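Have the model open beside you as you read.

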Amino acid sequence: MPNSALHFNIDSVKARLPGRRIDWFKSLDSTMIEARRDLQPGRVVVAEEQTAGMGRHGRKWLSEPGAGLYVSVILAAKPVPVIMLSLGLAARRAIGCGDIRWPNDVLINGKKCAGVLAQLEADTIIAGIGINVAQTEFPDDLETPATSLLLEGVTVSREDLLVALVEFVDRYTRLSSDEILREFTNTSTYVSGKRVRVETGLQGVTCGLDPAGFLRVREDNGTETTILAGGVRPL
Ligand code: BT5
């Protein structure tokens with residue numbers, strides 16, 4: 001187990017985010033489940049480990065104790081697709097490098113080091129963000145090869161990363177839709193000119209975002225489709 005597991009200094013995080021409600025847990029099933037217990041906008045739920053970490057569409061998120069950042073932030077509701085993009089941007093900015101695979105996986109050298117899940121709950125959105133920080137290995141049967149910041153030579157404490165993440169989530173979720181779409185388009189190599197396969201099986205070249213933040217894909221026969229659900233994989 002990485003040393004940082006023994007020393008997560010939640011007090012230093014709270015001191016740097018004064019006035020912010022941050023609930024830290026040694027172990028949770030999922031920060032998404034704990035967040036649902038009290039949907040106070042702005043509340044941050046963090047766990048050292050998750051025993052039932054969630055991915056999208058019922059998938060699982062590996063949440064090794066002390067090796068990653070497992071966070072949920074409660075947001076006042078906004079249009080979901082654009083919020084999804086803003087959360088990917090926030091995670092990438094907190095990490096300080098990487099590409100974003102639409103809608104919001106952060107990849108470093110083509111490997112996934114952060115994932116985002118957003119759930120609508122009453123009139124809020126629970127934004128769940130997982131960042132791989134200090135893992136030294138991953139199973140090889142994951143959908144996309146995985147990596148951690150440590151494996152990629154990015155050195156950052158989980159405390160600094162959490163403070164940056166909360167600040168960037170605040171900043172990006174306050175931007176207008178146009179600003180988010182512009183920044184996402186400038187940041188992600190997946191927005192245009194990338195040959196991809198969509199989870200539905202459709203294949204083509206990406207050709208921009210629609211005004212709601214959905215990805216457009218042009219098939220070889222010229223048909224353009226808006227991808228409303230499911231991820232994309234490079235071909
Ligand atoms: C995601 O799902 O990428 C969203 C992950 C969100 C995790 C956070 S942690 C805090 C909060 N509380 C939770 O319970 N969840 C959120 P998706 O795109 O469906 O990716 C899941 C897939 O990625 C899995 O099916 C695996 O193949 C792979 N995977 C699982 N754990 C991984 C990890 N730690 N790093 C990289 N890939 C992983």
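On a 1 Å grid over the protein atoms alone, a pocket is an open set of points where a 1.4 Å probe fits, with protein on both sides within 12 Å along at least five of seven lines, and its lining residues have an atom within 4 Å of a point. The model is predicted, with local features needing pLDDT of at least 70, side-chain atom pairs counting only at pLDDT 80 or more, and totals for chains, interfaces and linings using all residues. Residues are numbered from 1 along each chain as its sequence is written, and side-chain values use heavy atoms, leaving out hydrogens and water.

**Second largest pocket**
- This pocket holds about 290 Å³ of space, a volume being the space filled by probe spheres set on grid points joined across faces, edges and corners.
- Its lining has 15 residues, and R56, M84, P103, L228 and A229 lie nearest the centre.
- Helix 3 (80-95) and strand 6 each give two or more residues to this lining; helices (H or I, at least four residues) and strands (E, at least two) are DSSP runs numbered from the N terminus.
- The largest share, four residues, comes from helix 3.
- By class, the lining has 11 nonpolar, three polar and one charged residue, with Ala, Val, Leu, Ile, Met, Phe, Trp, Tyr, Cys and Pro as nonpolar, Asp, Glu, Lys and Arg as charged, and the others, Gly among them, as polar.
- Domain 1 (3-184) and domain 2 (189-234) each supply at least three lining residues, with bounds from an automatic or database domain assignment.

**Largest pocket**
- About 610 Å³ of space lies here.
- Of its 33 lining residues, G55, K60, W61, L62 and K112 lie nearest the centre.
- The lining comprises 13 nonpolar, 12 polar and eight charged residues.
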